[in-house]
Amino acid sequence: MEAAAIPAQQAIPAWRTNLATIGALMARAKNELLRVPGAAIPGVLAPTIFFLGLNGVFGALTQLKGFTTGSYESFIVPISMLQGAGFTGAAAGVNLARDIEQGWLDRLLVSPAPRWVLLAGTVLAASARSLIPATFVLTIALLLGAGWPGIDGLLVTYFMVAAMAAVAACWGSMLALHFKSQSAAPLMQAGMMALILTTTAYAPLALLQGWLADVARVNPVTQVVEAARQGFVGEVTWAETWPGLLALAGLLAALGALALREMRRTGE
Amino acid sequence: MASTAIAVAGLERSFDEVLAVQGIDLEVGEGEIYGFLGPNGAGKTTTVRMLTTLLLPTGGRATVAGHDVVSEARRVRASIGVALQEAALDPLMTGRELIRLQATLQGLPGGEGKRRADDLLERVDLVAAADRRVGTYSGGMQRRLDLAAALVHEPRVLFLDEPTTGLDPVSRKTIWEEVRTLNDEGTTVFLTTQYLEEADQLADNVGIIDSGRIVAEGTPASLKAEIGHPHIRLQLAEGSIAEAEEICARIGPLLPPVDGRTVMVEVEHGAGDIPRVVRALDDAGIEVGSLELVRPSLDDVFVAKTGYHLEHETEGSSEGEEEAVKA
Amino acid sequence: MSGLATNLRVVGALGMRSIRQTFRRPQLMAPIVVFPTILLAIQTGGAGSAINLPGFPPVQSFLQFMLAGAMMQSLMLAGNSGGIALAVDIEMGFTDRLFAAPISRYTIVLGRLAGTAALGLFAALWFLAIGLLFGAHIEGGVPGALLAIALVTVTAMAVGGIGAAIALRTGSASVVQGLFPLVLVVLFLSSAFFPVGLMIQPAQTIAEYNPFSFIVEGVREPIISGIDAGDTAEALLAIAGIVVLGLVLSARALRHRLRVG
């Protein structure tokens, strides 16, 4: 039998094959939501509980000087949306760990698909999924009186959310590929939670205390938070947006590279 | 194009302190079925994982379909089909979706993938279940699906890691037939198994691996011949033993008797010698109760090379293949 | 041998087992203590400026205020974890062995609670140590600290009783684990993280009536000002209520489990 495989590959440009593969992997990822009853609930519930809880508990903080808005809902809804993104991305890492444990990843690794394509499928699927809890939390927040961020604010926030989910998915994937076990799940979730909350999540930078103020100042995700929050507390400006984009680009590059390195090293 | 489908030289793999594969050499020609036989933990799966680029060797070299498994891994992956021991299936997908995903992974365009999926599903008799979730499939169905997925891009070399472990006899036979058909079509098959009968039935060449080393290699027949010739075991009426022994001794060397009613004579030509023996005894008026041709089995080869029996032998033969012929 | 003596010995043995189980697997114990510690650090830094709000009770620092809430969080996670452990015992058939023995059914629950109590004790000590390490004063001195530790330990057992009841009723570890968000909800709707008077409606009203708020105040007072008989009494009453609830639920769940098998 002649080798039919190689001519078939040469007949189609690589970029089309890669794109088709990424699409197919994303299509598979949606099965988790659509074919497992109740699978979407934890991802939506966690940020919503946090939103309602934080709002009910710390809402009075807006009385302090330094807050540019009187509505704590407006102030923290972008945090909850980003938290949802972090949760979704980390969950993608947990799913990958499960796939590794059950041998599914071997199927992907034995195929000629490039490793970055396999990673992209997981990461982009997480980005797409993150829009669901984000929309749910946003709806609740708007019903509770959060300010409408405007179309520009909304777009910026959603973009930050999707990109943050990608960052979280890279982090989760890296851990999954390194530990090859679902027991790393708490680390995936906790890592993202810590990253997102050690920012100006609860209050503006001037009102943060002690060590948190120092960490928030250097934490790149603070820029993401500020960019995502703009429309909810004021006007959307390029000056507020580009640092967030830069932070996301840097995090994606770093964590993506680490995840890819782990993917390439699975055979060692 | 190389006429050797798989070439392995000094292949080694260690995990921390443990040397799981200790420098093995083997060659598999194109169009051959190679059976890699050994007990659990012998190193079969480790070897397969190295040859399918899932694991990096820590020593030695290997080429599959003419490409080095380390430096040309991607080309190897494009040329091989793999069905691993743990069927790498997603319970939430349907059978059809899985084969089509595999087609995409292999770089086949959408229409082509759809066509091949339809063909393969029919070939492995999964058309009725094609649009049901894999999680609802039986073990046999899952293996057939795994096999079909491995074939979607018509690979030159097919790796099957314990393809029938845990299957019922009917499913096992189905897989065997499929493997034979594939081989007839020209596919090289590298198959690992812990079942002697499987290696004996399917393989052109067998490599016996134990504790990370190949302890014997050759065709099933040549391996068995190495161990010894077959013998004919005769159950006779009392009183005729002495005369029967005398007659049989003229045909071949006698084996030590086990009881007073059995005569065992080694025969060089196996079944071909049965008529001689029967005629000779008949001419002498000796009545034969039963006659069996006992051939050395691969287990005998295994015992000779390693000192112990191959475990997990659930299929009939453990002492030898027996063809009972009522005289 | 009297029945009571046997039962006590069994409780002791099961208790030792559950304590050993808990502390032998640090990766299971860690989330119970580490997660609230991280949250404590973040919330202290993030919302610490709240002490400047008009109406905020006089405290030395926000950390001093939050210690009680962190202990609450830990003990509730400990109760949840005890429930999970019991559910695992049920799933693995270990409890069948106990049911078949000539001992009181309650020893199974009480034995499990010993482990939860130990965790609660550990959590109380941990957060007091953290507080002292980072400069918080225990205004009630040693008696205040002891009172806080005692209340936390007993509450852990009370919550553990509810966790055990759920485990007995459902027999499923994953169901008990799925109740973890509920723990957070209950805490958010109490005075664990903020003075009730400064919370936003409707959370404020719910927190006012939440029995856990009374318990939190009972633990908090000795730390931020000193032992107060009224607060302590209210806390004990709330704990008693939860204990009774746990007992009732456990009894019914036990009967259900023995019927269902």
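Trainee: Is the crossing of α6(C) and α10(C) left-handed or right-handed?

Mentor: The crossing of α6(C) and α10(C) is left-handed. Keep in mind that this is a predicted model.

Trainee: Why are α6(C) and α10(C) called roughly antiparallel to each other?

Mentor: Helix α6 (residues 141-170) of chain C packs against α10(C) at an angle of about 160°, and their axes are 8 Å apart. The label is used for angles over 145 degrees, so α6(C) and α10(C) count as roughly antiparallel.

Trainee: Which residues make that contact?

Mentor: From α6(C) come Gly144(C), Leu147(C), Ala148(C), Leu151(C), Val152(C) and Thr155(C), while α10(C) brings Ile215(C), Gly218(C), Val219(C), Pro222(C) and Ile223(C). By class, the residues of the contact of α6(C) with α10(C) are 8 nonpolar, 3 polar and no charged.

Trainee: How do you know that the length of α10(C) agrees with what a helix should span?

Mentor: Helix α10 (residues 211-224) of chain C has 14 residues, which at 1.5 Å a residue should span 20 Å; the C-alpha atoms at its ends are 20 Å apart, so the two agree.

Trainee: What makes α10(C) mostly covered?

Mentor: Of its 14 residues, 13 are buried. Just after α10(C) comes Gly226(C), with a positive phi of about 150°.

Trainee: Where is there a cis peptide bond in chain C, and how do you know that it is cis?

Mentor: The bond from Gln201(C) to Pro202(C) is cis, with omega near -5°. Pro202(C) sits in the loop between α8 (180-188) and α9 (203-209) of chain C. Most peptide bonds are trans.

Trainee: Let's move to chain A. What makes α3(A) roughly antiparallel to α4(A)?

Mentor: The axes of helix α3 (residues 40-58) and helix α4 (residues 72-101) of chain A come within 9 Å and cross at roughly 150°. That angle makes α3(A) roughly antiparallel to α4(A), because the cut-off is over 145 degrees. Here α3(A) passes α4(A) in a right-handed crossing.

Trainee: Which residues are involved, and of what classes?

Mentor: On the α3(A) side they include Gly43(A), Ala46(A), Phe50(A) and Leu54(A), and on the α4(A) side they include Ile76(A), Val77(A), Gly84(A) and Phe87(A). The residues of the contact of α3(A) with α4(A) divide into 11 nonpolar, 6 polar and 1 charged.

Trainee: Which element gives the largest share of the side of chain A that touches chain C?

Mentor: The contact takes 27 residues from chain A and 22 residues from chain C. The largest share of the chain A side is 8 residues, from α3(A). That side has 19 nonpolar, 8 polar and no charged residues.

Trainee: Which chains have the most contacts between them?

Mentor: Chains A and B do, among the 2 pairs of chains that touch. Their contact takes 30 residues from chain B and 28 residues from chain A. On the side of chain B that touches chain A, α2(B) supplies the largest share, 4 residues. The classes on that side are 14 nonpolar, 9 polar and 7 charged residues.

Trainee: And how far apart are the nearest C-alpha atoms of chain B and chain C?

Mentor: They are 20 Å apart, and chain B and chain C do not touch. A contact needs C-beta atoms within 7 Å.

Trainee: Why does Ala65(B) count as buried?

Mentor: Ala65(B) has 23 C-beta neighbours inside 10 Å, so it counts as buried, given a cut-off of 20 or more. Ala65(B) is in the loop between β4 (59-64) and β5 (67-68) of chain B. Its phi is near 50°, a positive value in a residue other than glycine.

Trainee: What makes Glu162(B) buried?

Mentor: Glu162(B) has 23 C-beta neighbours inside 10 Å, so it counts as buried. Glu162(B) lies in the loop between β7 (157-161) and α6 (169-184) of chain B, and its phi is positive, about 50°, although it is not a glycine. Most residues other than glycine have a negative phi.

Key
Residues numbered from 1 in each chain as written. Chains lettered and ligands numbered in written order. Predicted model: local features only at pLDDT ≥ 70, side-chain atom pairs only at ≥ 80, totals over all residues. Axes fitted to C-alpha atoms, helices over the stretch in contact; angles between N-to-C directions. Helix = DSSP H or I, 4+ residues; strand = E, 2+ residues; numbered from the N terminus. Parallel < 35°, antiparallel > 145°, perpendicular 65-115°, else oblique. Left-handed = near helix turned anticlockwise from the far one by under 90°. Nonpolar A, V, L, I, M, F, W, Y, C, P; charged D, E, K, R; others polar. Expected span 1.5 Å × (residues − 1). Buried ≥ 20, exposed ≤ 12 C-beta atoms within 10 Å, placed from the backbone.
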